[in-house]
Amino acid sequence: MSTIRIDNVRKSFGGFEVVHGVSLDIADGEFVILVGPSGCGKSTLLRMIAGLESISSGNVVVDDLVINRLPPRERDIAMVFQSYALYPHMTVRRNMAFSLKLAGAPKGDIDRQVQAAAEILDLVSLLERKPAQLSGGQRQRVAMGRAIVRNPKLFLFDEPLSNLDAKLRVQMRSEIKELHQRLRTTTVYVTHDQVEAMTMADRIVVMNAGRIEQAGTPMDLYEKPASLFVAAFIGSPSMNLIHGRIEDSAFLSDAGARIPLAANAPVTSDPVVLGVRPESLHVGGVGPAFGECRLRVVEPMGSETLLAATLLSGGDGAHGGGENIMILSRVKERYAADTTVRVGADPGEFHFF
Ligand code: ATP
């Protein structure tokens with residue numbers, strides 16, 4: 001088990017800097033997820049920890065040892081890739097045993113460790129198969145098996161679930177989480193999927209354009225996004241963002257809808273963006289008035305219904321608006337498209353940027 005300190009790490013490719021001085025401390029046993037849009041530098045940061053990419057400046061410190069110049073095989077880190085990177089001509093057993101064999105471990109130890117990992121990952125009946133004879137989820141499990149047999153200091157995952165279908169992704173998500181709860185190995189996991197990040201991480205690090213936008217627990221980021229970027233990135237469906245300004249304890253949208261605010265709303269004459277999560281909007285009478293909305297599209301999803309709506313007027317009744325908003329209703333009710341409804345919200349749940 002290990003701690004990681006990333007200290008002002010930069011990375012340039014051909015004179016072009018893509019990671020701009022990132023600092024991050026990761027605690028022993030922590031499961032940290034790096035998220036962000038394509039190209040934000042999360043894989044590059046992970047690959048620098050693994051030693052697959054050189055560090056242009058700054059330090060990566062594992063347990064008080066600067067590992068910048070250590071070759072990957074001396075870092076005691078196991079990495080699981082999106083592509084699984086299994087050896088196609090080897091059986092599952094040999095794939096899992098490979099790194100231990102390379103390290104010269106005694107055969108008895110290798111057999112024991114492969115067996116233990118196979119039991120944890122439910123691979124015992126598949127040990128004599130080759131990768132081509134496995135499903136995507138099983139291959140992913142073998143890739144994880146190969147990582148855990150070594151009992152490394154750190155696990156690194158680079159978008160390990162991207163090649164799986166939606167259902168399998170959900171299943172593997174909980175398997176990885178369970179594995180972490182069992183082994184408590186310090187883990188850094190890269191994904192662009194904010195749902196994966198929300199459901200699996202002890203701490204999420206949101207990256208944008210080579211920098212950390214915000215780091216915190218999933219609930220911290222969900223409840224207190226520090227920037228518009230994080231607000232828009234975390235949460236599914238994403239937060240509604242309405243541009244306007246604050247005037248006389250109300251929010252006045254650029255299109256003219258007036259939405260009453262709580263007494264503790266910020267006072268500013270600058271342009272602001274009001275953020276409200278789709279699940280904080282309630283069709284019908286719950287909460288003070290947010291406004292009147294025309295329902296455009298109704299998408300029942302079983303336990304919830306997603307509603308695409310247009311704001312017709314703000315809560316104080318004056319007409320104006322026209323903004324497209326999303327509402328997530330958890331009430332069992334049939335909604336009809338092309339109807340006008342009152343929408344309530346607790347102004348305490350509004351965000352301002
Ligand atoms: P994705 O989710 O698409 O994998 P990412 O956040 O992991 O994105 P990186 O792969 O870390 O992003 O890439 C960060 C930036 O560095 C991108 O602009 C990318 O084009 C650039 N980059 C990555 N690897 C190289 C390389 N070997 N040579 C030049 N530029 C690179």
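Guide: Of the 353 residues of the protein, 47% count as buried, where buried means under 20% relative accessible area, exposed over 50% and partly exposed in between, with a 1.4 Å probe and protein chains only. This is a predicted model, in which local features need pLDDT of at least 70 and side-chain atom pairs count only at pLDDT 80 or more, while totals for chains, interfaces and linings use all residues. Residues are numbered from 1 along each chain as its sequence is written, and side-chain values use heavy atoms, with hydrogens and water left out.

The secondary structure comes to 8 helices and 20 strands, taken as DSSP runs numbered from the N terminus (helices H or I of at least four residues, strands E of at least two). Along the principal axes, the C-alpha atoms of the protein fill a box of roughly 80 × 45 × 35 Å.

Turning to the ligand, the residues around it are F13, V18, P37, S38, G39, C40, G41, K42, S43, T44 and E159, a residue being near a molecule if one of its heavy atoms lies within 4 Å of it. Helix α1 (residues 42–50) gives the largest share of this shell, 3 residues. By class, the shell divides into 4 nonpolar, 5 polar and 2 charged residues; Ala, Val, Leu, Ile, Met, Phe, Trp, Tyr, Cys and Pro count as nonpolar, Asp, Glu, Lys and Arg as charged, and the others, Gly among them, as polar.

Oxygen atoms of the ligand lie 2.7 Å from a backbone N or O atom of G39, 3.0 Å from a polar backbone atom of C40 and 2.5 Å from a polar side-chain atom of T44. Taken alone, the ligand exposes 630 Å², and the protein buries 57% of that, the areas coming from the Shrake-Rupley method with a 1.4 Å probe.

As for the rest of the protein, F290 lies in strand β16 (residues 289–300) and counts as buried because its relative accessibility is 0%.

Methods:
Polar contact = N/O pair within 3.5 Å; in protein donor to acceptor, adjacent residues only side chain to side chain.
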